[in-house]
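What does the fold of this chain look like when it is read from the overall composition down to single residue pairs? The paragraphs below go through the strands, the sheet and the surface in turn.

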Amino acid sequence: MKTLLTLSPVKVLEWTLEYKDYKDQLVDQAALMLTLSGRVNETQRILATQFSFRLRTPDLSIKPLGKAVVGERMAVEISFTNPLPQVLKAVIFHLEGLGLVTARKINYGDIGSLATMSVTEHFVPSLPGARKLMASLDCKQLTQVHGVADITVAAS
């Protein structure tokens with residue numbers, strides 16, 4: 001994309017990069033490299049710079065529902081909003097937490113473009129005290145989406 005700028009001491013150029021224009025260029029860790037170049041008309045001097053950055057992935061929200069007590073069934077709600085203008089296909093959630101729930105895989109299915117979803121999971125805590133429940137979302141279109149909830153489990 002070429003843009004001709006007439007520069008005063010400082011000129012801000014607002015620019016939007018649409019997802020459709022970069023989705024096929026993403027590599028592991030959702031890293032992008034932006035290369036900017038230009039030419040000073042008066043001197044014909046070329047200026048160039050590169051800027052590497054990682055895209056921030058959205059978070060999963062994990063909300064405990066009710067009290068957590070050793071040996072008693074409890075529930076958590078996992079929610080997520082798809083930030084992409086495309087459907088996320090064959091979404092899988094992973095859930096685990098020491099003393100809360102052994103590693104669990106949840107085959108969720110598809111999440112629509114820009115859609116919000118939630119799923120409720122039940123489990124029985126086995127250890128009292130401060131615990132962490134971790135969840136992750138995985139699909140071909142979006143990776144490294146995580147969430148953590150701090151849950152205090154009461155003794156029975």
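Two strands are taken as paired if DSSP finds at least two bridges between them. Helices (H or I, at least four residues) and strands (E, at least two) are themselves DSSP runs, numbered from the N terminus. The model is a predicted one, in which local features need pLDDT of at least 70 and side-chain atom pairs count only at pLDDT 80 or more, while totals for chains, interfaces and linings use all residues. Residue numbers start from 1 along each chain as its sequence is written, and side-chain values use heavy atoms, with hydrogens and water left out.

By these criteria the protein chain has 1 helix and 9 strands. Along the sequence their pattern is α-β-β-β-β-β-β-β-β-β.

Strand S4 (residues 74-81) and S7 run antiparallel and are joined by 8 bridges. In this pair, Glu77 lies opposite Thr120 of S7. Strand S7 spans residues 116-123 and has two faces: Met117, Val119, Glu121 and Phe123 are on the covered one, whereas Thr116, Ser118, Thr120 and His122 are on the uncovered one.

An open sheet is formed by 4 strands in the order S6-S5-S8-S9, with antiparallel pairing. Strand S6 (101-111) and strand S9 (145-153) are at the edges; each has a single partner strand, so one side of each is left without a neighbour in the sheet. On average, neighbouring strands of this sheet are turned by 20° against each other, direction ignored; the axes are lines fitted to C-alpha atoms, and angles run from 0 to 180 degrees between N-to-C directions. Within the sheet, strand S5 (residues 88-97) pairs with S6 over 7 bridges in the antiparallel sense, and His94 stands opposite Lys105 in S6.

Of the 156 residues in the protein chain, 29% are buried, meaning under 20% relative accessible area with a 1.4 Å probe, protein chains only; exposed is over 50%, and partly exposed lies in between. Among contacts (heavy atoms within 4.5 Å) with a separation of 6 or more, 57% are between residues 24 or more positions apart.

The accessible surface of the protein chain is about 10800 Å², and carbon and sulfur atoms contribute 53% of this; areas come from the Shrake-Rupley method with a 1.4 Å probe. Leu13 is located in the segment before helix H1 (19-22) and counts as partly exposed because its relative accessibility is 47%.
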